[in-house]
Amino acid sequence: MRPLPDLPQLRIVPSDSLQPHEFVDEDRVEPLLRALKRERVLRNPPIVLPVTGHTAQFVVLDGANRTTAFRQMGLPTALVQVVHPGESEVRVETWNHVVLGLTSEELMQLVKGVEGVSVTAADIEQASFDLQTGEALCYVSLPDGGVWEVTASPSRFQERVTQLGALASSYSQSGRIERASVVDCEGLSRVYADLAGLVVFPRFEVEQVVAVAADGLLFPPGLTRFVVSPRALRLNYPIDRLAAETSIEDKQKELDEWVRQAVARRSVRYYAEATFLFDE
């Protein structure tokens with residue numbers, strides 16, 4: 001643990017100023033909503049980035065399910081961490097989809113049935129290269145070693161995101177999805193008995209994600225993963241303060257004083273190095 005640097009920017013903003021960049025995972029919202037109602041504290045504030053040209057609007061980089069839960073609770077305001085590329089380390093990584101509960105044949109039938117895509121056999125090297133260059137929309141790695149490259153005709157990035165959404169929807173409605181960072185099926189069969197295959201997606205840039213969200217489009221859930229440093233975690237801020245019928249300015253002053261007191265009593269810790277926490 002090292003001396004505190006400048007603290008993350010924590011702000012109170014209107015709940016309706018938050019624009020998600022991905023579809024909400026309803027299966028994750030309900031237990032989160034129950035936990036918020038039971039515990040009455042916000043542990044980890046959503047990460048947001050201001051929309052260029054709209055200082056009062058924010059794209060939610062991480063926390064779409066939390067901000068949805070806020071709205072369902074009727075909270076007029078939300079506590080968020082605001083980040084600015086260049087001032088904070090912000091990058092986006094991609095989750096790949098481990099598809100379960102289907103056969104490989106069923107998975108491929110669903111993928112091939114997506115309108116506007118073409119599916120061709122490939123090897124892992126060619127598929128990976130085409131994914132990096134933008135020639136491929138994604139590729140599917142199967143337990144038997146087969147690799148299928150998925151391409152689509154739209155050239156605009158926004159249109160390709162729409163195609164990715166249709167693709168993910170095709171198999172998520174029939175099977176189950178686990179997230180993974182691996183890029184081929186080797187070894188996954190030992191972990192998942194009902195493995196259908198692995199869908200591998202391209203990498204994205206932060207600017208691309210923000211531009212898509214600003215256009216009102218959404219990524220499939222469980223596809224993007226934002227890495228932000230520094231990041232405020234385990235804040236445990238009282239939900240009732242966000243629900244209060246006071247002005248945003250007063251709520252911000254209350255939050256600032258709450259943070260000041262937390263620093264004064266030395267309950268804020270900063271870790272500059274990669275850290276594993278075993279108490280959760």
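The legends below describe close-up views of a predicted model.

**View 1. Strand S13 and the two strands that pair with it, S8 and S10**. Strand S13, which spans residues 195–200, is mostly covered, with six of its six residues buried. Strand S8 (residues 96–100) runs antiparallel to S13 and is joined to it by four bridges, and within this pairing Val99 stands opposite Gly197 of S13. Strand S10 (residues 138–141) is likewise antiparallel to S13, here through three bridges, and the partner of Ser141 in S13 is Leu198.

**View 2. Helix H2 and the glycine that follows**. Helix H2 covers residues 64–72 and is largely enclosed by the rest of the structure, because seven of its nine residues are buried. These buried residues are Ala64, Asn65, Arg66, Thr67, Thr68, Ala69 and Phe70. Just after H2, Gly74 adopts a positive phi of about 80°.

**View 3. The loop between strands S14 and S15**. Since its relative accessibility is 33%, Asn236 counts as partly exposed.

**View 4. Arg266 in the segment after helix H8**. Helix H8 comprises residues 248–264, and Arg266 lies in the segment after this helix. Arg266 has a phi near 60°, which is positive although the residue is not glycine, and with a relative accessibility of 76% Arg266 counts as exposed, the cut-off for that class being over 50%.

Technical notes
Residues numbered from 1 in each chain as written. Predicted model: local features only at pLDDT ≥ 70, side-chain atom pairs only at ≥ 80, totals over all residues. Heavy atoms only, no water. Buried < 20%, exposed > 50% of the residue type's maximum accessible area, 1.4 Å probe, protein only. Pairing = 2+ DSSP bridges.
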